[in-house]
Amino acid sequence: MILIKADRLSKSYRTGEVESIALKNISFSVQSGAFAAIVGPSGSGKSTLLNLIGCLDHPDQGSLLVCDTNVTSLSRTEAADFRGKNIGFIFQDFNLIPVLTVFENVEYPLLMVRNWPAAKRRERVLQMLEAVGMREQADKKPDQISGGQKQRVAVARALVGEPRLVLADEPTANLDHDTAYRILTLMKQMRDNFGTTFLFSTHDPKIMQEAEQTFMLEDGHLTTTGGAQ
Ligand code: ADP
Ligand code: ADP
């Protein structure tokens with residue numbers, strides 16, 4: 001089953017008189033349950049592509065189907081609702097809320113989109129913290145845990161609402177190699193356990209080898225696609 005289908009997507013940014021083309025005529029598809037990477041140097045369009053798929057921005061041209069929904073035509077509120085129900089994000093800088101504990105950070109998405117009673121939320125949050133090896137740290141604040149541990153909390157938070165798709169923007173960029181591999185292994189375990197589709201961006205060729213399917217971006221062009229289509 002195809003989870004993402006992009007057809008001739010284009011996106012450019014205008015700053016004053018200057019127009020920079022971020023994506024040019026991109027077409028590709030991602031199967032449900034894939035562990036896929038978008039690879040390319042800085043400025044090649046990786047973040048732009050993830051933002052379009054995550055409905056944080058609209059393409060200028062082309063069509064984009066995500067989880068059976070044509071996301072190019074969603075309004076701002078429809079997009080927020082769609083994201084909450086279908087998509088988890090792992091941001092490069094973790095984006096944990098500093099005043100909340102590890103537990104509360106992971107619980108946060110459930111408060112936004114699910115109308116669950118507290119006991120059910122608690123059970124689900126603890127299950128996710130257990131899965132990423134962070135249950136013991138549930139009551140700590142983000143500034144009391146290491147970078148690798150923050151990243152694991154970010155993985156738990158992205159997955160807590162059982163999204164069909166997780167988008168991760170350079171999820172290993174700020175991590176040492178061992179920690180980077182541990183995060184990738186963790187994401188793959190989550191894919192195997194929950195059937196979640198993962199699409200992550202990276203500029204690290206070693207990290208890229210861990211993906212089962214790769215999309216290469218260069219200057220907004222999709223140059224190669226590898227793996228099962
Ligand atoms: P990557 O994630 O691969 O580093 P980006 O998608 O961030 O690439 O950027 C692609 C191109 O679009 C670059 O030339 C970048 O300068 C430009 N760009 C990205 N975001 C903006 C923005 N908000 N305003 C203007 N230009 C942008
Ligand atoms: P740091 O971020 O300081 O490098 P780590 O994240 O590497 O710390 O690991 C801290 C502890 O958690 C280690 O004992 C490690 O074995 C354990 N650990 C790491 N990943 C997992 C996981 N997915 N599940 C359970 N325990 C884990």
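These legends describe close-up views of a predicted model.

**View 1. The shell around ligand 1.**

**View 2. Backbone contacts to ligand 1.**
This view picks out oxygen atoms of ligand 1 and the backbone beside them. A polar backbone atom of Gly43 is 2.7 Å from an oxygen atom of ligand 1. For Ser44, a polar backbone atom is 3.1 Å from an oxygen atom of the ligand. For Gly45, a backbone N or O atom lies 3.0 Å from an oxygen atom of ligand 1. Ligand 1 taken alone exposes 560 Å², and the protein buries 61% of that.

**View 3. The shell around ligand 2.**
Val132, Gly133, Ser146, Gly148, Gln149, Arg152, Arg182 and Leu186 are the residues around ligand 2. They divide into 2 nonpolar, 4 polar and 2 charged. The largest share of this shell, 3 residues, comes from helix H5.

**View 4. Polar contacts to ligand 2.**
The side chain of Ser146 has an N or O atom 2.6 Å from an oxygen atom of ligand 2. At Gly148, a backbone N or O atom lies 3.4 Å from an oxygen atom of the ligand. At Gln149, a polar backbone atom is 3.5 Å from an oxygen atom of ligand 2. On its own, ligand 2 has 550 Å² of accessible area, and the protein covers 51% of it. Helix H5 (147-159) and helix H6 (177-194) are the elements that give two or more residues to the shell.

**View 5. Gln149 and its surroundings.**
Gln149 lies in helix H5 and belongs to the residues around ligand 2. Apart from residues up to four places away in sequence, Gln149 touches Met134 and Gln137. Ile183 is 34 residues from Gln149 in sequence. In space, the two are 9.6 Å apart, C-alpha to C-alpha.

**View 6. Arg191 in helix H6.**
Arg191 is found in helix H6, an element that also gives two or more residues to the shell around ligand 2. Arg191 counts as buried because its relative accessibility is 12%, below the 20% cut-off. Its side chain makes a polar contact with the side chain of Asp192, at 2.9 Å. Neighbours within four places in sequence are left aside in the contact list of Arg191. That list holds Gly33, Ala34, Phe35, Thr196, Phe198 and Glu212.

**View 7. The two sides of helix H2.**
Helix H2 spans residues 76-86, and its buried residues are Ala79, Phe82 and Asn86. Seen down the axis of H2, these residues fall within an arc of 65°, so they line one face of the helix. Arg76 and Thr77, on the other side of H2, are exposed.

Cys67 has a positive phi of about 50°, although it is not a glycine. Asp68 is not a glycine either, and its phi is positive, at about 65°. Cys67 counts as buried because its relative accessibility is 5%. Asp68 is exposed, with a relative accessible area of 60%.

Notes: Residues are numbered from 1 along each chain as its sequence is written. Chains are lettered from A and ligands numbered from 1 in the order in which they are written. This is a predicted model: local features need pLDDT of at least 70, side-chain atom pairs count only at pLDDT 80 or more; totals for chains, interfaces and linings use all residues. Side-chain values use heavy atoms; hydrogens and water are left out. A residue is near a molecule or strand if one of its heavy atoms lies within 4 Å of it. A polar contact is a pair of N or O atoms within 3.5 Å; within protein, one must be able to donate a hydrogen and the other to accept it, and residues adjacent in sequence count only if both atoms are side-chain atoms. Accessible areas come from the Shrake-Rupley method with a 1.4 Å probe; for residues, only the protein chains shown count as cover. Helices (H or I, at least four residues) and strands (E, at least two) are DSSP runs, numbered from the N terminus. Ala, Val, Leu, Ile, Met, Phe, Trp, Tyr, Cys and Pro count as nonpolar, Asp, Glu, Lys and Arg as charged, and the others, Gly among them, as polar. Buried means under 20% relative accessible area, exposed over 50%, partly exposed in between (1.4 Å probe, protein chains only). The arc is that of the directions from the helix axis to the C-beta atoms. Contact means heavy atoms within 4.5 Å.
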